[in-house]
Amino acid sequence: QRTVLVTAAAGGTGQFAVQLAKLAGCHVVATCGGPAKAQLLRQLGVDRVIDYKSESLKAVLKQEYPAGIDLIYESVGGDMFALCADALAPKGTIIVIGMMSAYGSGWQPSAAPQGLLEKLLWKSAAVSGFFLLRYASLWGSHLARLCALVQSGQLAVALDSRQFKGLGAVPEAVQRLQSGDSSGKVVVQLADSLPAAEPAKL
């Protein structure tokens, strides 16, 4: 059984990553900040929730996962990425899907953690970037699969409690997203009213 770590797991994409990993039969570890987010992740089936506000992520990974983590879905960057590199198992992989910790400062280029190349070489491990637009040709087919999982009840969708309406609310929504206060998908409703719910047609 592979062990998967998802950082910022209670966010808009992390919530899906943990569920897909569970559907694939993996043991899932997830990080978050705060008891409400931790509760959400437990409801989604996460095996080990690590609330970094109440316990040390580094200590937990070292004590409970001494063999390392096989696959890491990383969206925070900075110190979190460095910690993930240390926790990576031999022949493991880190998938970088974002750097949330850097967005507020204008996404300045960051230096690689000290010794990163040596760690990757020693572990025969890999770091892979994933930028959605590079996979635009696969969008339709994978979205159809995700919608089918939602409609069958195998995939849950958690929405942030804060509601935003209209284009003018986009900056405020982005600010909430980057603040770390949101839980689930942050959504901006553009229309004045929503249509009646019905199965998606793709």
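# Values set against their definitions

Visitor: Why does the radius of gyration of the protein chain agree with that of a compact globule?

Guide: A compact globule of 202 residues would have a radius of gyration near 17 Å, and the protein chain has 18 Å, which agrees; the radius is taken over C-alpha atoms, and the globule rule is 2.2 Å times the number of residues to the power 0.38. Along its principal axes, the C-alpha trace spans about 55 × 40 × 35 Å. This is a predicted model, in which local features need pLDDT of at least 70 and side-chain atom pairs count only at pLDDT 80 or more, while totals for chains, interfaces and linings use all residues. Residues are numbered from 1 along each chain as its sequence is written, and side-chain values use heavy atoms, with hydrogens and water left out.

Visitor: Why does Thr3 count as buried?

Guide: Buried means under 20% relative accessible area, exposed means over 50%, and partly exposed is in between (1.4 Å probe, protein chains only). Thr3 has 11% relative accessibility and therefore counts as buried. Thr3 lies in strand β1, residues 3-6, and, leaving aside neighbours within four places in sequence, Thr3 is in contact (heavy atoms within 4.5 Å) with residues including His27, Val29, Tyr65 and Asp70. For the protein chain as a whole, buried residues make up 36% of the 202 residues.

Visitor: What makes up the largest nonpolar core, and which residues touch the most other members?

Guide: A nonpolar core is a set of buried Ala, Val, Leu, Ile, Met, Phe, Trp, Tyr and Cys residues joined through side-chain atoms within 4.5 Å. The largest such core has 21 residues, of which Leu5, Leu61, Ile69, Ile72 and Ile94 touch the most other members. At least two residues of this core come from each of α3 (57-64), β4 (69-74), α4 (79-87), β5 (88-96) and α6 (116-123), and α4 supplies the largest share, five residues. Leu61, when its neighbours within four places in sequence are left aside, is in contact with Leu5, Ile50, Pro66, Ile69, Leu83 and Ala87. There is also a second, separate core of 18 residues, with Ala9, Ala17, Ala38 and Leu44 among them.

Visitor: Why is Lys91 called exposed?

Guide: The relative accessibility of Lys91 is 69%, so Lys91 counts as exposed. The residue belongs to strand β5 and has a positive phi of about 65 degrees although it is not a glycine. Most residues other than glycine have a negative phi.

Visitor: Where is Ala8 found, and why does Ala8 count as partly exposed?

Guide: Ala8 is found in the loop between β1 and α1 (14-23), and its relative accessibility of 35% is the reason why Ala8 counts as partly exposed. Ala8, which is not a glycine, also has a positive phi, of about 50 degrees.

Visitor: Why does Leu146 count as partly exposed, and which residues is Leu146 in contact with, leaving aside its neighbours within four places in sequence?

Guide: Leu146 has 33% relative accessibility and therefore counts as partly exposed. Its place is in helix α7, residues 139-151, and the residues in contact with Leu146, beyond neighbours within four places in sequence, are Leu20 and Leu155. The C-alpha atoms of Leu146 and Val157, which are 11 residues apart along the chain, are separated by 11 Å.

Visitor: Why is Ala148 called partly exposed?

Guide: Ala148 has a relative accessible area of 41%, so Ala148 is partly exposed. This residue is found in helix α7, and 25 Å separates its C-alpha atom from that of Ile72, 76 residues apart along the chain.

Visitor: What makes Glu172 partly exposed?

Guide: With a relative accessible area of 39%, Glu172 is partly exposed. Glu172 has its place in helix α8, residues 170-179, and touches Arg162 and Phe164, not counting residues up to four places away in sequence. The C-alpha atoms of Glu172 and Val188, 16 residues apart along the chain, are separated by 9.8 Å.
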